[in-house]
Amino acid sequence: MVASPGTSGRPRALRPLNEPIPVEVQSDDSSQPVAVRLHKRWCAVAELRDTWRLDEAWWRQHPISRIYSMVLLENGLHLTLFQDLVAHQWYRQRYA
């Protein structure tokens, strides 16, 4: 048996897990993120920790082609960002 999480079971109380959040990103000439806009303020990327590319379902109507970047911001916040290469949009990816 699981203890009550203390939240109501109303549908509006639920939120999708791991849904990407659109975010404004400034990038350099090689498309690496250099600053992220959070809460109406720009925050510089202090360190690029890792970068990888994901290409899936290229044969479908809506393929996935992304470049992910794990960054450390100047304020100490760690973020995982990705640039959707199909839609030409940046997103912040949350976990858990």
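**View 1. Contacts of Gln83 in the predicted model.** Leaving aside neighbours within four places in sequence, Gln83 is in contact with Ser31, Ser65, Arg66, Ile67, Gln89 and Trp90. The model shown here is predicted. Gln83 is part of strand S6. Its relative accessibility is 16%, so Gln83 counts as buried, the cut-off for buried being under 20%.

**View 2. Pairing of strands S5 and S6.** Strand S5 covers residues 64–73 and strand S6 covers residues 78–84. The two strands pair in the antiparallel sense, over seven bridges. In one of the pairs, Ser69 has Leu81 of S6 as its bridge partner. Strands of a sheet pair through backbone hydrogen bonds, in either a parallel or an antiparallel sense.

View 3. Seven strands make up an open sheet with antiparallel pairing, in the order S1-S7-S6-S5-S4-S3-S2. Strand S1 (21–22) and strand S2 (25–27) stand at the edges; each has a single partner strand, so one side of each lacks a neighbour in the sheet.

**View 4. The chain as a whole.** The chain has zero helices and seven strands, and its elements read β-β-β-β-β-β-β from the N terminus on. Of its 96 residues, 26% count as buried. The chain exposes about 7,400 Å², with 52% of this area supplied by carbon and sulfur atoms. Among contacts in the chain with a separation of 6 or more, 36% are between residues 24 or more positions apart.

Definitions and conventions
Residues are numbered from 1 along each chain as its sequence is written. This is a predicted model: local features need pLDDT of at least 70, side-chain atom pairs count only at pLDDT 80 or more; totals for chains, interfaces and linings use all residues. Side-chain values use heavy atoms; hydrogens and water are left out. Helices (H or I, at least four residues) and strands (E, at least two) are DSSP runs, numbered from the N terminus. Buried means under 20% relative accessible area, exposed over 50%, partly exposed in between (1.4 Å probe, protein chains only). Contact means heavy atoms within 4.5 Å. Accessible areas come from the Shrake-Rupley method with a 1.4 Å probe; for residues, only the protein chains shown count as cover. Two strands pair if DSSP finds at least two bridges between them.
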